[in-house]
Amino acid sequence: MQYALIYHETAAELARRDSDTSAYWGAWDAYMGAMGAAGIMRGGAGLLAPDTATTLRISNGDWQVEDGPFADTKEKLGGFVVIEVADLDAALAWAARAPCAAAGSVEVRPTLPPQAN
Amino acid sequence: MRAAANPGFAAAEAAARTAYGRLLALLSRHSRDIAAAEDALATALAQALARWPDDGVPANPDAWLFTVARRALGHGRARAATALAAEPALSLLDAERANIPQADLPDERLKLLFVCTHPAIAARIQAPLMLQVVLGLDAARIAAAFLVSPAAMSQALVRAKARIRDAGVPFTVPPPQERPARLAAIRTAIYAAYGAGWEQMAADQASDLAGEALFLARLLTALAPDDPENAGLLALILLCEARRPARRDAQGGFVPLDRQDVTLWHRTLIEEGEAALRAAAALGQPGRFQLEAAIQSLHNHQRFTGADLSAPLIGLYDRLMDVAPSIGAAVAQAAAFTAAGAAPAALAALDALAERCGDHQPWWATRARVLAVLGDADAAREAASRAAGLSHDPAIRRFLLSQDFLGFPPAWQAAMPGPQQANEGEPA
């Protein structure tokens, strides 16, 4: 099955991208490298900091464009991957290895099966 | 209000902790309906929490809980049978107080341990089932420790209990010819619980699964002292658990075994563990857990005395691999080869396991150390990174990515915590 692992990071963890660069990226490189070597990666992307986001809403034909992410939450979306593994237990095992599991959270969600049409 | 100072509340909590499995065994042994017994016991515990703080703690709290729970169980059956509303349990309580057996209740927990690890129950749910049924842990906490979803864990536990009830799993001690294998299944489940608890390093003792496993190991040794492997398991857990306070430094950093401050180790646990190991060995029937405990004992002695015990360690691993081959034991032996100055032999041993170890963190960590010793710095760094990427624990991940890990001689002990066999779970 395919699962999206959606990585959320605390503000303090995100700040380490600049303040603790080599340890922060070293941990993510190791983690992504292990997933790559395991042959389970199907896609995904890391994301630049939330303050680089621009959010658009159209409400009753009224366009709203705002600087920043869609919601001011405690944990910020840092990136996501799509992996192919046997079951939820296996997906959780990979989620637990994510550096942000201990400094934020990892949401594990099955992807929609491809639509045949 | 959670009033710790209130003796009624504290007594109710203490009863829940120590008497849970004892009461559950008595409530379920005839019906084999563990789920119904759990509900009844929960009702009794809730009533105790509501009443003891005001009314005072009964002279025999266990008997009080048992009586109320048995009454609730009767009501549950009556409701199920007649669909009539039962008389509220509360109105019975005063009568109960006057009518409670004072004698000690029999301890049927060994039978409950046998039920939870019966061959009819799927192996992977046996440890969670035991934690819930004997200790009263809730499904969400068990799910977190075993890294599965709470919903899936709840369902699996419900299914297992239904199977016990519907398939008629007997609440008995198995006959002598089956006893050794059935005791081994109990040990495997307890050790699986300990393995799940080993990595939990939070100061929050509420998540202390290792402590729960230690409780079960002590219980099993007390209830079935005839099998020396029970004391072997207890010794193993005690000798590993004794090191817990030294496994992290003040900043939360990982401290490998060979750099731990031994003055932080729990001396009383070590003494209890050594005594259990001696008592087991005196029976002259060595086995997997006695060997693993002896290995941990040698590791500890190495640190206490500074002596190099790598040769006897390798010998113990040989014997362990004979009786209980596992990836964890093979990787640990490769680490022992490295410490003994036989890095090429260690690399060969690891290579032989390669196909089964793609996602096995200790294998990559050990390989990194071996490659570093052999002078292949690039490959060592690559293996260390792979090990870090497979680690759940931020402190261990940091350590594996540090210069420290590949730079210091026997630091490979790092990624080789005591009970890795349990974590990777491949009992023979």
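Colleague: Which residue stands opposite A:Glu75 in S5(A)?

Modeller: Strands (E, at least two residues) and helices (H or I, at least four) are DSSP runs, numbered from the N terminus. Two strands pair if DSSP finds at least two bridges between them. Here A:Thr10 stands opposite A:Glu75. Strand S1 (residues 2-10) and strand S5 (residues 75-84) of chain A run antiparallel and are joined by nine bridges. The model is predicted: local features need pLDDT of at least 70 and side-chain atom pairs pLDDT 80 or more, while totals for chains, interfaces and linings use all residues. Residues are numbered from 1 along each chain as its sequence is written, and chains are lettered from A and ligands numbered from 1 in the order in which they are written.

Colleague: In what order do the four strands of the open sheet in chain A lie?

Modeller: The order is S2-S5-S1-S6, with antiparallel pairing. Strand S2 (41-46) and strand S6 (104-110) of chain A are the edges, each pairing on one side only.

Colleague: Which strands does helix H1 of chain A lie across?

Modeller: Residues are in contact if their C-beta atoms, placed from the backbone, lie within 7 Å. Axes are lines fitted to C-alpha atoms, for helices over the stretch in contact, and angles run from 0 to 180 degrees between N-to-C directions. Helix H1 (residues 11-19) lies across S1, S5 and S6 of chain A, at about 85° to S1(A). Helix H3 (residues 88-96) of chain A also touches S1, S5 and S6, and its direction makes about 155° with that of S6(A).

Colleague: How many residues does each chain give to the contact?

Modeller: Chain B gives 17 residues and chain A 18 residues.

Notes:
Two residues are in contact if their C-beta atoms, placed from the backbone, lie within 7 Å.
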